[in-house]
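Subject: Structure handover

Hi,

Here is the structure I said I would pass on. Please open it first, then read my notes below.

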Amino acid sequence: MNLIAANPNPPHARKVWGAVLFKITVNNRNKNLNNMKTWKRFKGFAIGMATLGLLCAAVNGASIYTDGAAPYTVFGLSNVTVNLSNTKIYGNVGVGPGADLKLMAPTTVYGNIYLDATATESASAGTYTGTKYTGLNLVPAVQYVLLLSSTSAGMTPTATYGAVNSDLTINGNGGVNVIDISSIDLNNFNLTLNGGVNDLFYINVASSVTLTGTASIIETGGAGPLNVLLNVLGTGTSVSTHVGDQINGIILDPQGSVNLDGTFNGQIIAGGVQLGLLSGAVVNSVPEPTTAGCFLLGLGALACFQRFTQNRRS
């Protein structure tokens, strides 16, 4: 006779079921403990990410935004020849309407190349690591930077200088600084812009910028390249630098030509006849401050934390 079948709860069966129930109870207890540990870890992670995101949003500070031109480390405006010869560009290159790209060897663009639909490429012996995009409409980007230049030039200056031809430090006021300068001509001298992360320096240069020797235009005090707009209003060859020079900032020369050697951190935007980068010039892109991204990261972490709490209670 099958005792288990005849009697649903024989003595030995009760022992088996008791063991099973004990195991289930232990497993559930361990599962609850693991869930509690997971919860605590997630809670700590969410709060940490939220704090980091919101703190990041608070400390990233301000920057001068070039809108549609922001993706381009080097941007040639309308009808300019973008002459890249023996240079390294760590970022993207944009070639505007009617402009011509000369990508000469041994130039390397460590990024993408963007060509307006009316732009041409008369030389392509150089290399690029990304993708070449053609048939684009870069007119809005050109229009924005032209507006940025004219707006900067029309702002009321907070300080005015004549010809700057020796060491000069300009201290920021904690906000918007509009500096009008007639010309910059530095031979082994430095123009230093000293300010915090919320300082914006709009440097309007009426004629030309020339650097020789080991001259530089740099920032200190927490300000970075995207806190500085070097808005050059001259025509002809209005920006010229040499090997050993350095400029940190956004160079915007909508009407004049630029011939650049040395090291550049930020952006180079020019119209005129030629945007030339020569003789081993190096251009480094500077990422936009991720204030909005950090803020959203913080809010997202808090939202996940709240949702997880609600699900856990229910």
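Among contacts in the protein between residues at least 6 apart in sequence, what percentage join residues at least 24 apart? The value is 48%. Keep in mind that this is a predicted model.

**Overview**

The protein has four helices and 24 strands. Of its 314 residues, 40% are buried. Its accessible surface comes to about 15,200 Å². Carbon and sulfur atoms account for 58% of that surface.

**Confidence**

The mean pLDDT is 83. A value of 70 or more is reached by 72% of the residues. Two stretches need care. Residues 1-26 have pLDDT below 50, and this stretch has five contacts in the model beyond near neighbours in sequence. Residues 49-59 are also below 50. Where pLDDT is low, the predicted coordinates should not be read in detail.

**Aromatic rings**

The count of aromatic pairs is four. In one of them, the ring centres of Tyr72 and Phe75 are 5.0 Å apart. Their planes meet at 40 degrees, so this pair is tilted. Tyr72 and Phe75 are both buried. Another pair is Tyr90 with Tyr110, where the centres are 4.6 Å apart and the planes are at 5 degrees, so the rings are stacked. Tyr90 is partly exposed, at 33% relative accessibility. Tyr110 is partly exposed as well, at 35%. One aromatic cluster is formed by Tyr72, Phe75, Tyr114 and Tyr133.

**Helix α3**

How far apart are the end C-alpha atoms of helix α3? They are 23 Å apart. The helix has 16 residues (139-154), which should span 22 Å at 1.5 Å a residue, so the two values agree.

Next, its sides. Buried in α3 are Ala141, Val142, Val145, Leu148, Ser149 and Ser152. Seen down the helix axis, the buried residues of α3 fall within an arc of 120 degrees, so they line one face. The face of α3 turned away from the buried side carries exposed residues: Gln143, Leu147 and Gly154.

What do the buried residues of α3 pack against? The partners are strands: β1 (72-76), β13 (176-187), β15 (200-205), β18 (228-232), β20 (246-253) and β22 (263-270).

Thr73 is in strand β1. Its relative accessible area is 3%, so Thr73 counts as buried. Leaving out residues up to four places away in sequence, Thr73 touches several others, among them Ile89, Tyr90, Gly266, Ile268 and Val283.

Asn177 is in strand β13. At 2% relative accessibility, Asn177 is buried. Its contacts, leaving out residues up to four places away in sequence, include Thr158, Asn171, Asp199 and Phe201. The C-alpha atoms of Asn177 and Val228 are 9.5 Å apart, and these residues are 51 apart along the chain.

**Backbone details to check**

- The peptide bond from Ala105 to Pro106 is cis, with omega near 5 degrees. Pro106 is in the loop between β5 (100-104) and β6.
- Asn188 is not a glycine, yet its phi is positive, at about 65 degrees. Asn188 is in the loop between β13 and β14 (190-194). At 45% relative accessibility, Asn188 is partly exposed.
- Ser279 also has a positive phi, near 55 degrees, in a residue other than glycine. Ser279 lies in the loop between β23 (274-277) and β24 (282-284). Ser279 is partly exposed, with a relative accessible area of 45%.

Best wishes

Conventions:
Residues are numbered from 1 along each chain as its sequence is written. This is a predicted model: local features need pLDDT of at least 70, side-chain atom pairs count only at pLDDT 80 or more; totals for chains, interfaces and linings use all residues. Side-chain values use heavy atoms; hydrogens and water are left out. Helices (H or I, at least four residues) and strands (E, at least two) are DSSP runs, numbered from the N terminus. Buried means under 20% relative accessible area, exposed over 50%, partly exposed in between (1.4 Å probe, protein chains only). Contact means heavy atoms within 4.5 Å. Accessible areas come from the Shrake-Rupley method with a 1.4 Å probe; for residues, only the protein chains shown count as cover. pLDDT is the predictor's confidence in each residue, from 0 to 100. Rings of Phe, Tyr and Trp (its six-membered ring) pair if their centres lie within 6.5 Å; planes under 30 degrees apart count as stacked, over 60 as edge-to-face and the rest as tilted. The expected span of a helix is 1.5 Å times one less than its number of residues. The arc is that of the directions from the helix axis to the C-beta atoms.
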